[in-house]
Amino acid sequence: MKFNASVLKDIIAGITPLSVKRLYWKSMRSAAFSGVFKDFAEAGDEHPWESEGWIELSRQKLQAALSGAPLDGYLGLTAETINELSGEKTIKVLDFAGGTGFVYYRIFPFLAAPDNVLWHVVDNATLIDMGRSHKTERHRLAFFETLPPALDNNYDVVYINASLQYIDDHVGLLKKLLTYRPRCIILTRLLAGDIKTYVTSQINVGWHKTPCRFLNAREIISFFDQEGFDVLKSAPNRAECLSGHYDKSIPTAMRIPCSMDIVFRRR
Ligand SMILES: C[S@@+](CC[C@H](N)C(=O)[O-])C[C@H]1O[C@@H](n2cnc3c(N)ncnc32)[C@H](O)[C@@H]1O
């Protein structure tokens with residue numbers, strides 16, 4: 001066995017009691033960004049999304065989501081937009097990289113016409129199994145491990161929360177999602193701003209790093225403009241303050257103070 005940092009991490013993780021891990025994971029909730037890389041391969045991927053720490057955090061987030069606490073910020077914007085579209089007719093929403101369906105469960109009590117909202121989540125098997133286990137007959141929610149074929153499926157809304165940054169070919173993904181002919185795209189907690197697009201490494205929950213891309217906001221707006229979409233709503237997500245999370249390897253000019261929420265509507 002090659003004895004490297006990753007093996008050492010696994011050994012430490014194996015012998016650390018769950019109670020200690022939980023304390024550590026709690027302290028690691030804020031992400032740390034480190035380095036500027038030429039691409040995802042150079043940044044290196046330790047696959048946080050299948051890790052014990054992420055699964056535990058997702059379980060805790062899902063429990064909290066079911067409490068029905070008031071919505072604000074990006075969740076308020078998401079519920080408001082979905083309510084505007086679903087008042088009169090049924091809509092289908094594709095929540096790409098939606099984890100356990102956290103956002104659906106969180107906004108569900110605030111949906112004006114919940115029967116009009118069909119919500120499809122795409123993510124890995126472990127997370128969607130967890131999400132599925134909380135589904136009741138009231139929820140119009142379905143889970144998928146892969147994107148459904150576009151020919152059989154159209155979606156009214158494509159939703160991506162805090163995930164586009166982890167997709168290597170993000171433009172390719174967006175083009176693919178547009179084949180579902182959505183009339184609305186909602187991107188929340190998007191890592192974009194008045195900076196040059198670049199790839200960094202994010203240390204995520206449970207010691208695992210993942211490649212992560214910060215985007216130039218004008219680039220993404222211009223991409224959707226060329227695809228026939230206008231910006232309907234756009235706001236900085238001040239609740240997600242990133243200022244303390246960059247290490248010194250990231251130049252000040254490449255740091256955004258917070259993420260952003262943006263809604264595009266087909267012209
Ligand atoms: C920060 S989490 C956000 C999860 C969810 N959107 C939420 O709001 O709770 C990032 C998510 O991206 C998912 N993800 C990363 N790469 C993916 C890919 N290539 N395809 C689908 N999901 C992916 C991970 O499994 C993880 O659930």
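Tutor: Start with one rule: two strands count as paired if DSSP finds at least two bridges between them. Helices (H or I, at least four residues) and strands (E, at least two) are DSSP runs, numbered from the N terminus. Here E10 and E11 run antiparallel and are joined by nine bridges.

Student: What is the bridge partner of Pro 236 in E11?

Tutor: Met 260 is that partner. A word on the source: this is a predicted model, where local features need pLDDT of at least 70 and side-chain atom pairs count only at pLDDT 80 or more, while totals for chains, interfaces and linings use all residues. Residues are numbered from 1 along each chain as its sequence is written.

Student: How many helices and strands are there in the chain?

Tutor: The chain has nine helices and 11 strands.

Student: In what order do the seven strands of the open sheet stand?

Tutor: The order is E4-E3-E2-E5-E6-E11-E10, with mixed pairing. The edges are strand E4 (141-144) and strand E10 (229-241); each has a single partner strand, so one side of each lacks a neighbour in the sheet. Neighbouring strands are turned by 15 degrees against each other on average, direction ignored.

Student: In which sense do strands E2 and E3 pair?

Tutor: The general idea comes before the case. Strands of a sheet pair through backbone hydrogen bonds, either parallel or antiparallel. E2 (residues 91-96) and E3 (residues 117-122) pair in the parallel sense, over six bridges. Val 93 stands opposite Trp 119 in E3. Now take E6 and E11: they pair in the antiparallel sense over five bridges. There Cys 184 stands opposite Arg 265 in E11.

Student: Four strands form an open sheet in what order?

Tutor: Read E1-E8-E9-E7, again with mixed pairing. The edge strands, each pairing on one side only, are strand E1 (32-37) and strand E7 (192-193). Inside this sheet, E8 (residues 198-203) and E9 (residues 209-216) pair in the antiparallel sense over six bridges. Val 199 stands opposite Arg 213 in E9.

Student: Which strands does helix H9 lie across?

Tutor: Contact means that the C-beta atoms of two residues, placed from the backbone, lie within 7 Å. Axes are lines fitted to C-alpha atoms, for helices over the stretch in contact, and angles run from 0 to 180 degrees between N-to-C directions. H9 (residues 217-226) lies across E7 and E9, at about 75 degrees to E9.

Student: How do I read burial, and what share of the residues of the chain count as buried?

Tutor: Count other C-beta atoms, placed from the backbone, within 10 Å of a residue's own: 20 or more is buried, 12 or fewer is exposed, and in between is partly exposed. Of the 267 residues, 34% count as buried.

Student: Which residues have the most contacts inside the largest nonpolar core?

Tutor: A nonpolar core is a set of buried Ala, Val, Leu, Ile, Met, Phe, Trp, Tyr and Cys residues joined through C-beta atoms within 7 Å. The largest one has 45 residues, and Val 93, Val 157 and Val 158 have the most contacts inside it. Leaving out residues up to four places away in sequence, Val 157 touches Leu 85, Ile 91, Val 93, Pro 182, Cys 184 and Ile 186.

Student: Of contacts between residues at least 6 apart in sequence, what share join residues at least 24 apart?

Tutor: The share is 79%. Take Ala 32, which lies in strand E1. Ala 32 and Lys 209 are 177 residues apart in sequence, yet 9.4 Å apart in space, C-alpha to C-alpha. Ala 32 also touches Ile 203, His 245 and Asp 247, not counting residues up to four places away in sequence. Ala 32 is partly exposed because 15 other C-beta atoms lie within 10 Å.

Student: Why does His 47 count as exposed?

Tutor: His 47 has 12 C-beta neighbours inside 10 Å, so it counts as exposed. It sits in the loop between helix H3 (40-43) and H4. Its phi is positive, about 50 degrees, although His 47 is not a glycine.

Student: Where is the place of Arg 189?

Tutor: Arg 189 is in strand E6. Its phi is also positive, near 50 degrees, in a residue other than glycine. With 19 C-beta neighbours inside 10 Å, Arg 189 counts as partly exposed.

Student: Which residues that surround the ligand are the closest?

Tutor: Here a residue is near the molecule if its C-beta atom, placed from the backbone, lies within 6 Å of it. The ligand is surrounded by 15 residues, the closest being Trp 49, Ala 97, Gly 99, Phe 102 and Ser 163.
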